[in-house]
Amino acid sequence: MASVRTEGRSDRRRRGQAGRRWLQLKIGSLSSDGSLPWGPSKENPKHGLLADFYIGREFQSDQFARQTANINLNWDNVPVPDKELPEFKPYSVRWTGYFKPTTTETYTIFTASDDGVRLWIDDKLVIDNWTCHSESEDAVQVSLNSGVFHRLRLEYFEASGLQGQRIRLYWQSPTIRKEYVPEQCLYYAKP
Ligand SMILES: [Ca+2]
């Protein structure tokens, strides 16, 4: 069975050394709070994005990293996304990886976030709503070519950890109905 990589603050304390260590969890395992699935599906083990979680809304303290199939997350009903983060406190997340369109045309790429969001495509900042707000949608139009890998970086922060913790990434084109950017088009690393 393929695996999901994850690392926690407590693991770093145990090993007592700098650098990263990745633990192995089975695909389909729940996160440590028992409520949220992480990682790519069994069908697409090489697809998805890497998410780095931090304490603080400005990436003050790096806590752990996980793989996520896509960006379609709603943490309204849990104090924080994971026990590695303190409850009811600000946190931030940085997703990185690549996406590869399946058609050549103009895409509209949307984020829906509560609170702040920034999106870079090929290292260019294209969405910048780094503010506290209830769920808001932002969008940008980009011309993309089928089969070309584009670098993706999405940053998100939650201001309070109390209510309204959502981040989503969609796309739409003349031939694609609005959908979450699918796992099959996302890559942790460029193949
Ligand atoms: Ca919020």
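1. Asp-122 belongs to the loop between β8 and β9 (124–129), and it counts as partly exposed because it has 13 C-beta neighbours inside 10 Å. In the hairpin of β3 and β4, with 5 residues between the strands, a positive phi near 95° is taken by Gly-56.

2. The pairing of β3 with strand β4 (residues 61–68) is antiparallel and runs over 7 bridges; within it, Ile-55 has Ser-61 of β4 as its bridge partner.

3. The largest nonpolar core holds 27 residues, and those with the most contacts inside it are Phe-53, Ile-71, Trp-95, Val-117, Leu-154 and Tyr-156. At least two residues of this core come from each of several strands, including β3 (49–55), β6 (91–99), β8 (116–121) and β11 (150–158). Leaving aside neighbours within four places in sequence, Leu-154 is in contact with Ile-71, Trp-95, Val-117, Leu-119 and Leu-169.

4. Val-142, in strand β10 (residues 136–144), is partly exposed, with 15 other C-beta atoms within 10 Å. Not counting residues up to four places away in sequence, Val-142 touches Tyr-107, Ile-109, Ile-121 and Val-126. For Val-142 and Ile-121, the separation is 21 residues in sequence and 9.3 Å in space, taken from C-alpha to C-alpha.

5. Taken as a whole, the protein has 1 helix and 14 strands, and buried residues account for 30% of its 191 residues. Of the contacts between residues at least 6 apart in sequence, 68% join residues at least 24 apart.

6. On confidence, the mean pLDDT of the protein is 81, and 76% of its residues reach 70 or more. Over residues 1–37, however, pLDDT stays under 50, and the model has 56 contacts beyond four places in sequence for this stretch. Where pLDDT is low, the predicted coordinates should not be read in detail.

Note on methods. Residues are numbered from 1 along each chain as its sequence is written. This is a predicted model: local features need pLDDT of at least 70, side-chain atom pairs count only at pLDDT 80 or more; totals for chains, interfaces and linings use all residues. A nonpolar core is a set of buried Ala, Val, Leu, Ile, Met, Phe, Trp, Tyr and Cys residues joined through C-beta atoms within 7 Å. A residue is buried if 20 or more other C-beta atoms lie within 10 Å of its own, exposed if 12 or fewer, and partly exposed in between; C-beta atoms are placed from the backbone. Helices (H or I, at least four residues) and strands (E, at least two) are DSSP runs, numbered from the N terminus. Two residues are in contact if their C-beta atoms, placed from the backbone, lie within 7 Å. Two strands pair if DSSP finds at least two bridges between them. pLDDT is the predictor's confidence in each residue, from 0 to 100.
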